[in-house]
Amino acid sequence: MSYGRPRELHNAVCAECGKECQVPFKPDQSRPVYCRECYAKKRPARSNRY
Ligand SMILES: [Zn+2]
């Protein structure tokens, strides 16, 4: 139970910018995969405004 990899990453292509990225989950064709940047754009951190 001692694998060298801390986490299993899967190669995927961002559905937004088309850049290659790695995701900690298995890419599903039914769901678009976004890279870190696009993912952050899609789901921005909660702002304290309001
Ligand atoms: Zn992207």
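Q: In β2, which residue is the bridge partner of His10?
A: In this predicted model, His10 is bridged to Val23 in β2.

Q: What makes β1 and strand β2 (residues 20-23) count as paired strands?
A: Pairing requires at least two bridges between two strands, and four bridges join β1 to β2, therefore the two count as a pair. They run antiparallel and form a hairpin with six residues between them, where Gly18 in the turn has a positive phi of about 75°.

Q: Why is Asn11 called exposed?
A: Asn11, whose place is in strand β1, has 10 other C-beta atoms within 10 Å; a residue is exposed if that count is 12 or fewer, so Asn11 is exposed.

Q: Which residues does Asn11 touch, not counting residues up to four places away in sequence?
A: Asn11 touches Glu20 and Gln22, a contact meaning that the C-beta atoms, placed from the backbone, lie within 7 Å. Asn11 and Gln22 are 11 residues apart in sequence, yet their C-alpha atoms are 4.6 Å apart in space.

Q: How many helices and strands are there in the protein chain, and in what order do the elements run?
A: There are one helix and two strands, and from the N terminus on they run β-β-α.

Q: Which element has the lowest mean pLDDT, and which the highest?
A: Helix α1 (residues 36-42) has the lowest mean pLDDT among the elements, at 88, while strand β1 (residues 10-13) has the highest, at 92. The protein chain averages a pLDDT of 83, with 84% of the residues scoring at least 70.

Key: Residues numbered from 1 in each chain as written. Predicted model: local features only at pLDDT ≥ 70, side-chain atom pairs only at ≥ 80, totals over all residues. pLDDT = per-residue confidence, 0-100. Buried ≥ 20, exposed ≤ 12 C-beta atoms within 10 Å, placed from the backbone. Contact = placed C-beta atoms within 7 Å.
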